[in-house]
Amino acid sequence: RVRAVWYDSRAADWRWRVMTARLEAGGWDAGTLLVSPGINTWPATSGGVLVFSSTRRAARLQRDRTQQIFVVPLAPGS
């Protein structure tokens with residue numbers, strides 16, 4: 001299996017979100033949008049986890065330079 005991750009602007013608001021999709025025998029799945037507060041960028045996968053940078057714990061709604069790295073376990077077999 002192949003998993004692709006990218007940051008995407010199709011959220012309901014202006015923030016960038018992390019999107020992930022899997023390529024399986026029948027083609028690409030519909031994908032999943034990681035909905036969370038903050039701007040989420042620079043996603044990568046390794047060893048069954050998704051890591052990305054986010055401003056989700058920033059003090060200001062916009063233009064806060066606070067960045068943190070988050071790790072999200074992926075479902076087994078994904």
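Visitor: In what order do the 3 strands of the open sheet come?

Guide: This is a predicted model, where local features need pLDDT of at least 70, side-chain atom pairs count only at pLDDT 80 or more, and totals for chains, interfaces and linings use all residues. Residues are numbered from 1 along each chain as its sequence is written, and side-chain values use heavy atoms, with hydrogens and water left out. Strands here are DSSP runs (E, at least two residues), numbered from the N terminus, and two of them pair if DSSP finds at least two bridges between them. The pairing is antiparallel, and the order is β5-β6-β7.

Visitor: Which are the edge strands?

Guide: Look for strands that pair on one side only.

Visitor: Now the charges: which residues do the salt bridges join into one network?

Guide: A salt bridge is a side-chain nitrogen of Lys or Arg within 4 Å of a carboxyl oxygen of Asp or Glu, and the structure has 2. R22 meets E24 at 2.6 Å, N to O, and R22 also meets D29 at 3.8 Å, N to O. Shared partners tie these bridges into one network of R22, E24 and D29.

Visitor: What is the relative accessible area of D29?

Guide: Partly exposed lies between buried (under 20% relative accessible area) and exposed (over 50%), with a 1.4 Å probe and protein chains only. E24 is partly exposed at 34%. D29 is partly exposed too, with a value of 33%.

Key
Helix = DSSP H or I, 4+ residues; strand = E, 2+ residues; numbered from the N terminus.
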